[in-house]
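Please find below my notes on the model that you sent for comment.

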Amino acid sequence: MMNFTNLLLAGLATGAIYALVAIGFTLLWQTSQTINFAQGEFVMVPAFFALAALNVGMPLPLALLVGLGLSMLVLGVLFKRLLVDPMLRHGVLPLAICTMALSIFLKETVKEVYSAEASRFPSFLPGGNLSIFGTTISIQSLSIFVFALCVVVALQMFLMRTSTGRQMQATAQNPYVAKLLGVPVERMILYTFLINAALVAIASFLISPVYLAKFSAGETLGLAAFIAAIVGGFNQIRGAIVGGLLLGVVDNLAAAYVSTQYRGAVPLFLLIAVILFRPQGLMGRAEERTV
Amino acid sequence: MSRSLLLKGFGLLIVAGLIFIPLTLNRYGIYIMSLWAIMTIAAMGLNLTLGYAGQVSLAQGAFVGLGAYTVAIMMSAGFGFWLPLVLAIAITFVVGWLLGYPALRVQHHYLAFVTLAFSTLVFLVFRNEEWLTKGIYGIMGFKRPTAFGVSFQKPIEFYYFTLAALALASAFVAWLVRSPWGRAFLALRENPIRALSLGVDTRRYTLMAFAIGSAMGGFAGALYAPLVEFVDPTPFTLALSLNLLMMVIVGGSGFFFGPFLGAAIGVLLPEWLRFAHGWYLIIYALFVMILLIKTPTGILGIIENMIAARKTRAASAARAAASATLDKA
Amino acid sequence: MARTLLEVQGIVKKFGGITAVDGVSFDVREGEILGIIGPNGCGKSTLFNCILGQLPPTEGKVVLDGNDVTGLRPSELNRRGVSRTFQLLQVFPQLSVRENLILAGQEHKGTMVSRLFGPRDAGLTPDAEQMIEFFRLGHLADEKAGGLSYGQQKLLDAAMAFMAGPRMVLLDEPAGGVNLTMLGHLEERLRAMNTERGATFVVIEHNMDFVMRLCTRVVVLAEGKKIAEGTPAEVRANPQVIDAYLGH
Amino acid sequence: MMKPVLSVRDVVAGYGEMTILNGTTFDVMPGTITTVIGPNGAGKSTVFKTIFGMLKARQGTVHFKDADITNASPRKLLALGLCYVPQGRNIFPELSVLHNLELGGIAAGADVNVPHRVDAVLERFPVLRRKGQQQAGTLSGGEQKLLEIARSLLLDPQLMLIDEPSIGLSPIMVQEVFSILKDLRAKGVSILMIEQNARSALEISDDGLVLELGRTRMQDRAQILLNDPRVGQLFLGGVIEDTAS
């Protein structure tokens, strides 16, 4: 039972990180039809920005801020300007392929420039264990979960409660009408790229202390983000949250109760089942059919 | 007239190059050329599914793996080469057919993700079903085939064998895309609703597009196993599927010669960049990105666009002239 | 009186809460040109889509030659001899005019396997040439359809619908966007199709002059319901019809 | 003679290779409802898109009051006092009714108190106030149209372009929409409307405009057009021969 509680908690912690990544993934899809195959690498890279800052002697909080800033510049602005903008009008597929090439580029660049070895990454959250009612609980898992949840809530608040947030939603839901109303659609799209970059940076700083920072760390994360986004419903932020948490829990439980060899298959079956039987996702609304 | 003659000459030159240049290469160079031929076959299959019939698949690498494992397992069991080859094609044909069913329900990115999941699942089976695949240790100890009394043991011999296979596969695809099926595939890609209204049974053609494309992947895999003489799961991760997709798009999806070019970029270019050591993949990825930004419809696509633009300009000039006379009348 | 070819019986189509087609019935008789007219958004195209299996009707039946064909897939219906064109142009721009026509006929020849191993043109080049000549597209036979003018593409679109020798053809706004010269040509060719080859048509059209000249009988829809049926002259004089067009 | 609030002169516009407007010219007088009628493909919606800067005018000019607004951005036009309610459903289904309304005030200058304006608009549309917190996607079709109209009023426009407001609405809702338009006119807002439902639209209009093949074929008092047999004929097909220049 104790084991189960911790498994669940660890699952929720990973799931919350998946959710962050998946939300970014959906945002990009909604506002600019970008299927970002490099999303996993986007999570891997910010940790190395921060490590580089640490290596020149900055304190951790500052290094994390630098990492965040660099991510928003490189994975946000530059990604949009250099890759997405020129490719967008040519359809979804060439852009998707381009992000695949980008994922190779990021992975190999980190490997060559930094190291092929896994690096330890300091956590900015408390660690250790806590004993409540005779159950030992991992504080690390708990704090990751809570922190990630706070980020998600803050994002939701931003999107729902601020005028800019609502303009972004309007842009995602109907860019044509948004433009008619005078919403600066282009700037809103840039904001979504910045938010995505911030989300992956936060995810990076949360997950790297657990699994170490390594050039290849993005491979599984990217896949997890796709699956979370699709399982939850490709067009919905809420869906990405539910999908991420569900996937994290399923993933962790599968690791414990399914043979280790096939634990990776469980999320894939989940994905296939959802696509075939509920393609709009668990939280999604069916798209109206037009002929 | 002279232009088609020029094209023929150019084609002959390339074929001659493919035949004679490897004679000057070392063992590794010949291996790379053989790999190119094999990857071209696999990419041609994907080009059929994606480029001609418009069905996105991220699973072509898995079919190459299925083909390779079928041949490796059976050859290790002493079955020679030909029966395993036929079986590899048959198995990938059937599995490809089955993978086509999701395409009847979902399209575009959803279909991409289903095939992506399938690809990863197949990889897990390769890695985990040790009783059959020997898991991460891989299968070895099978020999390159002998055909018609000729042995294909030496690298250069096996290269010619793969080249012949490529010629066969090319002839098959050329014939197929010019057949009524090719027309139906194109109709399926361009406008499935209109195709249906013209009596095209889009379901069957979708399934066939997957089955045939996958079988070509299986064929490529069946050649890959004896080329490397060792089969383990590592080459058949999702990365291979993505690479094959990249080859098709970069070369020019829906163009007959697209896969040849795409595979040349995907297989040969990284090798030429070996001098850059660890940086070669970085340069390669950059190259692909820049290429796609410059030519989003692939290399052959851009050539066709140039020709089409010239024609449009001519047509528009003609129309302007015609409308001027209309106004006078 | 001519035999009834197609019976449309009480078709209803609802989208969510909206009833797009509300119990429409009519017959199509062999050899006639039936026009379907009505103001924008009156459900004409939805009705077509229901008849042709593109959309499942909520209620009602479609009977072809005495057989219930409601909800058959469009490809199956097409192979039983019901052909159509769409409101928006639907030719295959990358194929040549001839190839478009061959495509339109090939699925009616033999089986899938026999087509694969048969001749590349499925033996349809003579038919295609004949159709090209009939629609006077001769000089364009080898041009890519995408390079044709809009009116020429409309002609090709119509020619494709006739390629397989259908028993009846449903034309959805054949005249839409076609200039007057080309329109006269199209009308004349369609009429010839009808008189020379006995083809049966159903035509949805906004251009009322075109309908009135071409059609032998007209069905008028408004707000998803049939409000009138008769000869063009009868319909034209019907105050309800004039009212429907100008609103109330 | 009063000066027109909107004047469109010789506008040529289209999509890609296709030219839809071939020199469209007309005026809208202040404080009137002007209805644009014409057969399918006449270019009615295209005119609106071109006026509102969603489509580039290749030639010609558009003036609003004294300003040249040819190819101005929607943001600028909104600030000047123009608004546009396009055809179909144009709300943001996942946002609440109130938030949808607020988005109508995006182009507002610093001097406009948006919450105050929202309140004022809600005063006119009690239905929307009642359902303010609901997701806009849950409203009925008619309520969604009302929401769109309400949203377009947020910046106190002087000229409203409204495209086919009656499409897909029940007759009673159409009456309601039309009475809102009449009400707006009484408050001095000029309205330029496209309507298939030509008779009812002309009945509430001051002026009418007949477009055909991207050109203005007739422009006259609505009453005159209503009684003109050629208008009836136009809707039953064909070209108006005697007005063709």
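1. A residue is called buried here when its relative accessible area is under 20%, exposed when it is over 50%, and partly exposed in between, with a 1.4 Å probe and protein chains only. On that scale, buried residues make up 57% of the 245 residues in chain D. The areas themselves come from the Shrake-Rupley method, in which only the protein chains shown count as cover for residues.

2. The model is a predicted one, in which local features need pLDDT of at least 70 and side-chain atom pairs count only at pLDDT 80 or more, while totals for chains, interfaces and linings use all residues. Residues are numbered from 1 along each chain as its sequence is written, chains are lettered from A and ligands numbered from 1 in the order in which they are written, and side-chain values use heavy atoms, leaving out hydrogens and water.

3. Chain D contains 10 helices and 10 strands, where helices (H or I, at least four residues) and strands (E, at least two) are DSSP runs numbered from the N terminus. Its radius of gyration is 18 Å, close to the 18 Å that the globule rule gives for 245 residues, so chain D is as compact as a globular protein of that length; the radius is taken over C-alpha atoms, and the rule is 2.2 Å times the number of residues to the power 0.38. Along the principal axes, the C-alpha atoms of chain D fill a box of roughly 55 × 40 × 35 Å.

4. For chain C the count is 10 helices and 10 strands. Chain C has a radius of gyration of 18 Å, close to the 18 Å given by the globule rule for 248 residues, so it is as compact as a globular protein of that length. The C-alpha trace of chain C spans about 55 × 40 × 40 Å along its principal axes, and 57% of its 248 residues count as buried.

5. Chain B comes to 14 helices and 4 strands. A compact globule of 329 residues would have a radius of gyration near 20 Å, and the 22 Å of chain B agrees with this. Its C-alpha atoms fill a box of roughly 85 × 50 × 40 Å, taken along the principal axes, and buried residues make up 57% of the 329 residues. Within this chain, B:A164 lies in helix α7 (residues 155-178) and is partly exposed at 45% relative accessible area.

6. Which residues form the positive surface patch? They are B:R3, B:R310, B:K311 and C:K144. Patch residues have over 30% relative accessible area and no salt bridge, with like charges joined within 9 Å and nonpolar side chains (Val, Leu, Ile, Met, Phe, Trp, Tyr) within 5 Å; a salt bridge is a side-chain nitrogen of Lys or Arg within 4 Å of a carboxyl oxygen of Asp or Glu. B:R3 lies in helix α1 (residues 2-20) of chain B and counts as exposed because its relative accessibility is 57%.

7. A nonpolar surface patch of about 340 Å² is made by A:F4, A:L8, A:Y257 and A:V258. Of these, A:L8 lies in helix α1 (residues 2-32) of chain A and, at 31% relative accessibility, counts as partly exposed.

8. Two backbone angles deserve a look. Most residues other than glycine have a negative phi. A:L212, however, has a positive phi of about 70°, and it lies in the loop between α8 (185-211) and α9 (218-232) of chain A. D:N71 has a positive phi of about 55° and is found in the loop between β5 (67-68) and α2 (74-80) of chain D.

How values were computed: Areas by Shrake-Rupley, 256 points an atom, 1.4 Å probe, with all protein chains shown as cover. Lys, Arg positive; Asp, Glu negative; His and termini not counted. Charge placed at Lys NZ, Arg CZ, Asp CG, Glu CD.
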